[in-house]
Amino acid sequence: MQTIVAYVQNKPGVLNRVASLTRRLAINIDSLTVGPTENVEIARMTICAHTDERGATRLEASLEKLVDVLLAENISDRPMLERDLALIKVAADQQNRPHLMELIKVFRGRVVDVAPESLIVEVSGTVDKIDGLLEVLRPFGVLEMARTGRIAMTRGNDLLRPPAETPAPEATAK
Amino acid sequence: MKLTGAEILCETLTRLGVKHIFGYPGGAILPVYDALGKSKLHHILVRHEQGATHMADGYARATGGVGVAMATSGPGATNMVTGIATAMLDSSPVVCITGQVSSKLLGSDAFQEVDITGITMPITKHNVVISKVEDIARTVREAFIIANSGRPGPVLVDITKDAQQASAEFDWEASAPRLPVKRQRNNHDQEEFDRAVELLNSAKRPLILAGRGIMLSGAMRTFEQFVHTSDIPVAMTLLGIGCFPASDPLNLGMMGMHGEAWVNNAIQEADLLIAVGMRFDDRVTGDLRVYARNAKKIHIEVDRAEINKNVKVDAAIIGDAGETLAALLPHIHERDHSEWMTHITSSKGDSAVRDIQSLPDSGHLYAAHVINDLWKVTAGNAIVVTDVGQHQMWEAQYYHHNAPRTLITSGGLGTMGFALPAAIGAKMARPDAEVWVVVGDGGFQMTMCELATIVQEKINIKIAIINNGYLGMVRQWQEFFYDKRYVATPLVAPNFAALANSFGIHGETVTTRKDVVPTIETARKSDQTVLIDFRVEQEDSVYPMVAAGAALNDMIRRPNNPLVETATEP
């Protein structure tokens with residue numbers, strides 16, 4: 001699994017270009033997250049792809065050839081944090097609810113909704129941790145699940161910033 | 001000054017230095033055509049939009065500038081797809097402008113609506129939809145920059161009809177390009193550079209692999225200097241032909257599937273390969289597992305994504321070919337590789353069996369004769385535009401190019417039907433040059449409708465059809481690999497000379513070798529287009545041949561057997 005972080009223009013069609021590129025290179029994406037950055041014109045992507053280092057290097061270089069991709073960097077072998085967020089709706093009744101809560105606590109999950117026959121757990125962390133919780137919850141009956149896919153950031157002074165400043169929108173654009 | 005979007009487009013193109021537009025009108029691009037009529041831009045009406053893109057491509061390849069093609073929405077735009085992909089694979093700077101339905105109709109399956117930016121996303125360097133008149137000038141200026149910077153490529157600009165019709169203030173200063181600010185990678189890696197220098201100065205059997213990147217960089221002179229200082233022999237890719245004079249003793253000729261045997265053998269024996277502006281395409285490497293196993297490899301390449309893509313290299317220098325070679329030059333020792341060179345050329349002897357050009361007239365007309373005679377008569381000074389197939393390989397083997405941009409051919413995509421329209425584009429770009437089309441009877445029939453364009457535009461090019469009655473290269477594969485089962489390759493063709501006549505073009509048919517030179521000479525004297533139908537040997541093959549996936553030195557050679565009807569002894 002390779003992790004690539006990219007800064008892209010925050011405008012329609014860019015996600016399509018990135019996805020189209022990975023398809024063309026026959027690289028399977030495990031997860032791809034996009035979100036805005038502190039600069040509204042720039043979005044940040046975390047791409048987790050099933051490929052080897054050579055494939056990741058090629059993907060990184062090919063991504064940077066796209067006009068709308070400002071920077072792409074393979075951070076797989078650098079010290080970094082990876083986080084995934086999940087909402088899991090589990091079947092729960094009066095009897096097993098306390099036991100369930102206990103388990104969720106161990107995984108540092110939070111119960112964010114309780115209904116007579118179910119509850120929703122919010123949990124964030126590494127993929128392994130979420131998979132672990134999921135394993136434990138499965139016997140109770142997982143009714144629904146939503147996961148964000150991974151976001152990643154290199155640790156410490158290893159900064160990955162968008163290149164320079166994008167020119168401010170023209171004054172007349174107001 | 002308030003102008004319509006269509007007028008802004010024409011004004012922008014004019015200011016960008018555009019003189020010719022190859023296109024075909026239609027509903028969604030009509031406002032632009034109305035404005036074109038009032039501009040000084042020369043519009044060439046094609047007969048099929050694929051032709052427009054090939055013409056723009058040929059125009060770009062002949063000059064190094066940007067070629068412009070135009071079409072309407074829907075089928076007009078989809079007809080461009082093959083031409084766009086052709087330009088993409090060969091890094092040719094082409095800007096395609098398409099009309100699009102009005103922005104309020106987008107996504108409604110309106111008449112002649114097609115998502116052409118979606119369709120062309122993987123085959124353009126960049127593409128964009130413009131739905132606001134205010135964006136036209138800036139976006140078109142950006143398209144020209146993208147098309148012809150770094151590694152060039154096609155850009156498609158799709159303009160909605162309402163944006164063409166709406167009016168806006170036209171201000172050249174305010175519409176300056178505003179391309180996204182990208183990370184500037186520091187591509188200079190001193191370690192890689194030093195390693196390359198060391199390899200260059202210590203190699204005993206080095207070989208340069210020269211590609212089209214040298215031409216795109218305009219680095220011919222620096223390259224020549226580099227070659228002569230280091231005294232390293234040069235092998236050419238198909239698209240590299242012309243970037244280094246064929247007459248130079250260090251030019252060995254073409255490498256690859258139909259490359260010269262001594263070149264392919266030299267690659268396999270070399271201890272160092274210096275790849276400049278080429279991308280180790282499968283057609284030049286053969287089986288990668290046994291490709292140049294004795295050689296260290298240096299890759300000089302502008303596109304980082306090409307490094308280690310097909311062949312793992314020992315030193316990669318990312319950057320413009322000319323700048324990189326100039327940076328290397330002061331570090332390169334003057335070397336003498338004459339021993340290695342003698343070794344390579346000594347094996348030419350056994351390869352020369354394919355040299356049938358000096359054969360006496362045996363009553364048979366071979367394509368090689370035709371092309372070799374064409375080379376002699378034109379003194380190698382013509383721009384030759386070829387199609388794809390056997391004739392293309394024979395051209396590369398028997399027409400010797402000394403100047404850059406004199407061989408125009410579809411390499412990467414291998415697009416049949418490319419030659420005739422691309423030659424029209426080349427002639428528009430270089431009106432003083434002698435332009436020859438070398439095309440097979442198959443490929444010619446794909447785009448021969450452009451003969452009408454030639455007549456309408458009063459263009460003077462010469463067309464040599466290498467007519468063997470087969471889809472020759474496919475037939476050759478069937479002969480070698482499918483036990484001569486010629487399925488769907490025998491090809492009925494019209495009488496090409498008579499066909500030309502019906503267009504108002506002079507046509508000739510040549511069936512014997514003695515008529516080749518006189519017919520070419522007469523054609524050259526004409527100030528109009530002449531088509532010559534050369535009826536050549538039907539089942540001749542291109543030799544040598546490295547079968548797809550075979551090792552580069554594992555070549556099928558011209559059989560030394562008179563029964564094959566290809567006399568081999570001088």
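Biologist: In what order do the elements of chain A run from the N terminus on?

Modeller: This is a predicted model, and in it the elements of chain A run β-α-β-β-α-β-β-α-β-β-α-β-β from the N terminus on, which comes to four helices and nine strands.

Biologist: How should I read the radius of gyration of chain A against the globule rule?

Modeller: The general idea is to set the computed value beside the one that the rule gives for a chain with that number of residues. For the 174 residues of chain A the globule rule gives 16 Å, whereas the radius of gyration is 20 Å, well over that value, so chain A is more spread out than a compact globule. Along the principal axes, the C-alpha atoms of chain A fill a box of roughly 60 × 45 × 35 Å, and 30% of the residues of chain A count as buried.

Biologist: What does the radius of gyration of chain B say when it is read in this way?

Modeller: Chain B has 24 Å, which agrees with the value near 25 Å that a compact globule of 570 residues would have. Its C-alpha atoms fill a box of roughly 70 × 65 × 40 Å along the principal axes, buried residues make up 55% of chain B, and its secondary structure comes to 24 helices and 22 strands.

Biologist: Which elements of chain A give two or more residues to the side that touches chain B?

Modeller: A contact here rests on C-beta atoms that lie within 7 Å, and on that basis 17 residues from chain A and 14 residues from chain B take part. The elements of chain A that give two or more residues are helix H1 (14-24), helix H2 (53-65) and strand S4 (69-74), with the largest share, five residues, coming from H2(A). By class, this side of chain A has seven nonpolar, four polar and six charged residues.

Biologist: Which residues of H3(B) and H19(B) meet?

Modeller: Among them are B:Gly51, B:Met55 and B:Tyr59 in H3(B), and B:Pro421, B:Ile424 and B:Met428 in H19(B). By class, the contact of H3(B) with H19(B) has eleven nonpolar, five polar and two charged residues.

Methods. Residues numbered from 1 in each chain as written. Chains lettered and ligands numbered in written order. Predicted model: local features only at pLDDT ≥ 70, side-chain atom pairs only at ≥ 80, totals over all residues. Rg over C-alpha atoms; globule rule 2.2 N^0.38 Å. Buried ≥ 20, exposed ≤ 12 C-beta atoms within 10 Å, placed from the backbone. Contact = placed C-beta atoms within 7 Å. Nonpolar A, V, L, I, M, F, W, Y, C, P; charged D, E, K, R; others polar.
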